[in-house]
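Dear colleague,

Please find the structure below, together with a short account of what was found in it.

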Amino acid sequence: MDSDALEASGLPWGLTVTPFAAKDENGIAPARGSNGHLLPRCENCYAYFNTYCELDQWAWNCSLCGTLNGLPSDAIARYSNPHSIPEMSSSFIDLEFPLDGSEEEMTLARPVYVAAIDLSSSEEFLELTKSALLAALEALSPGSLFGLATFSHKIGLYDVQGPVPVVKNVFIPPDAESKLPLELEDAMPLLQFLAPVETCKDRIAAALETLRPITSWERSSGAAQGMDGVLIGGRGFGTAMEALFSYLGSEFGNTFALARVFAFLSGPPDYGRGQLDTSRYGEQYASKRVDADRALLPEQTPFYKDLATIAVQSGVCVDVFAVTNEYTDLASLKFLSIESGGSLFLYSSTDDSTLPQDMFRMLNRPYAFNCVLRMRTSTEFKPLHSFGHFFPDPQYENLQHIICCDSYATYAYDFDFTDNTGFSRHSGYPPVVQIAFQYTVVVPPEELSGSELPSSSRGKHTLQRRLRIRTMQFSAAQNINEIYDSVDHEVVLSLLVHKVILVSLEDGVREGRALLHDWLVILTAQYNDAFNLVQYKNVNKSMSSQIDITFSQCPQLEPLPRLIFALLRNPLLRFHEEGVHPDYRIYLQCLFSVLEPSSLHCGIYPSLMSYSTPDKQAYPRHSLSRAALMTSGSPIFFLDAYTTLIVYYSSTADPSLPFPPPQDCLLRKTINEVKQGRSITPKLMFIRGGQDDATAFENYLIEEQDVDGSGFASAMGFVAFLDDISQSVAEYMK
C-alpha cells in the first residue's frame, strides 16, 4: 500500500478520537495506575512504552520507530513482576501523574462558575435563564464557588454572602474603544463576589429573582422614547466579558484551576467594546453578490478571537447560550466559546427551549481541563491535518491544547504517507498509532480515600493530573479490495464534514457543495475502475448504464451516496434563499465539529424506525422517504435526528393505539435511552398524522426532495441525484 494506491481508492484516510470517553471503541475501560512520569519513552520518537514493544531484560524496541532503548534500573525492577503493571497488560492505560507545586496549592482547587446575564432582554428570556441557573445550582458539587453578574449598558456584580443580596454597578462607556473607568476588583473584591454554593444556594436564588430587564428610561432618564419602557440598544457584552476575565484572572492558580463562565445572550452586542454591525444581514442582497452566504460566514472583527486568548490566559472557559431569533452574528462570537474550550448553544425562542436541561446535563458530566493531545504514528505515515475545537501548539507539530474536554468531545485527523514507499509487505513492523492525552481533573473529596490526603485538607477538592495512552496496531491492506472492505463510512462522513465546513468558511457554501459532489464522482469512478465494471468496448450498452452507482460489490461503501445526498440537503450546506439562518448554520458547524461519528451520522441522516404497537418494534431502520412509510404498513414511527426526536402516528393507525405512547412502554424506554446518551437535550415531539401539522416530520423525509434546494417534493430527489452522479462519472471516466 502506498500513496498511489491511496489516491486510486478515492477515499480519505484518517481517524476520529474521543479522548476523554469512559471506554474505548470496544467498550473497554482503560487500565488505571499511578506513576505516569516513570513510563519509559523512546529516545528517538518520544513514543511511550506499550504492549506492542518487544521487551528484553535490559532493553525494549519501540513499536513505532523500531529504536532499541535501554531500560532504567527502576523500570527493570518494576517490569520483573508484570501482572500488576497497566502498561504491560493493556494497550489502553490511564496513569496518575505527580502534580507540580506544593500540597497546599493542590487542595485549593475549588471549581468556580460565573453566570453573566444579558439584561437588555425580555421577561421571558430572564425567566428561562433563571430556571437554567436554578438547575445548574443543583448540579454543582459542594465546595464550588458561584458568581452572579449582569450586563447591559452597565455591569452588575452581586454579593450574595450577606443577609440581603447587594449589587454594585459599573457603567460601560458606549464607544467601541474605551475600557471600563474602574476595575471590577475595586467595585467588589473577587472573594466577596464568588460565593460558596453549599451555604449560599438560597441567597443566589433570591438574587436571581430580583433580575429585571433594563428599560430605555433607565438608559436615558427623561428621554421621550421612555414610554412603555421600550428596549433600545445597550448590550455591552464585549466590555463585560473582557472585564470579567481580568477580574477572575487575578485568582487563577490560587483559588481555582479552571473557571467556567456561562454567558446568556438575547441578541447581538451593540454597545461598548466588541459591538457588532448587524446591518450586513440586511445588506447582503443589496450588494448583488453571487454568494450571499459567503458574506455572513467570516467574522467581522477579530475582537472575540483575541478575547478567547485572554480567557485562556486567565484560566477561563466560556459557554455561550444565545436565546434569540434575530441576527446575532455568531460567526464573530463563536470563537469566544470554541477557542476557550466551551460550547455554543442557540435557541430560537424561549417557549420550548431545552436550556435548563442542557445546563444541568453539561454540569453533571465529568470534564477534564488543561489537556494536551498528541498523535504519533509509525514512521511510514504521518498526521496531515487535525480538526476540532482546540488550538495547535505554536512550537510542536501534531500537539493540540484543549482547554476543557468532556466525554463527548471528538477530534479528527487525516493521514498521508511520509514517502512513496508506503507500507512495504516485507517490513516486520505493522502500522501503529499512539494517542497520548494528558489532562487534569478536579476530584471531589468523597472520591478520595482518607489515606491519600493530609488531614488538613480533608473535605476539599483535589486536583489530579493524569496521562491516558491508547496504542493501536493495524494490518496494512494488500490490495484495493481490502481497503474498501475496511472502510468505516461514519468516520469517512466525519472527515468530509470537517473539510466541507473549512471550505465553506473560506470559499462559501457553493464551493463546499461542489467539493462533496466531485468527491463522490471520483470515488464512484475509482471504485468502478477497481472492480472493472465498465467495459469501454461494449458498444451495445451506454457507459452510464454500466456504472454501479450504489457500490453493490462493497457493503462498506453502500451508505455513502445516501449520506452525501443528506449532507447536501442539510442546513449546513443549503443556501440562504432556502431560509437557512446564518446563525443556525454557524451553530451547526460548531455542533457537528465535536460529535463522534455515529452521532454525526444521526444528525446528517436521521434514523427512522417503526413500531407495530408502542411495545413492539416492527423494523429497526427505514430510508427517509414517503414510499418507505407507505410500504412498511407500520402505524408508529420514531425518528431520531440527534437534536430532535419525533414520534409519528400515521393517519391510518388504529385509533385504539394509545397516544402519546405510555410511559412504561418499549418506545418510551428507547426514547429515554437515546436522550440519556446525548450531549445536548433533544427536543421531543409527538405528531398524529391527519390531525396535527406533520410538516416537522415530513421535512425529514428528504429522499423525494430535490438536492439543489427547492425543497419541494418532486420526482427528482435521491433517484435523480444518483442519475446525475452517474452522468458525471461517465464524463469523468471517458
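Strands E13 (residues 316-323) and E14 run parallel and are joined by four bridges; two strands count as paired if DSSP finds at least two bridges between them. Helices (H or I, at least four residues) and strands (E, at least two) are DSSP runs, numbered from the N terminus.

This is a predicted model, in which local features need pLDDT of at least 70 and side-chain atom pairs count only at pLDDT 80 or more, while totals for chains, interfaces and linings use all residues. Residues are numbered from 1 along each chain as its sequence is written, and side-chain values use heavy atoms, with hydrogens and water left out.

The whole structure holds 17 salt bridges, each a side-chain nitrogen of Lys or Arg within 4 Å of a carboxyl oxygen of Asp or Glu. One of them joins the side chains of Arg 260 and Asp 319, at 3.3 Å from N to O. Arg 260 belongs to strand E12 (residues 259-265) and Asp 319 to strand E13, 59 residues apart. Both Arg 260 and Asp 319 are buried.

A further salt bridge pairs Glu 703 with Arg 562, with the closest N and O atoms 2.5 Å apart. Glu 703 is buried, at 9% relative accessible area, whereas Arg 562 is partly exposed, at 33%.

Yours sincerely

Definitions and conventions:
Buried means under 20% relative accessible area, exposed over 50%, partly exposed in between (1.4 Å probe, protein chains only).
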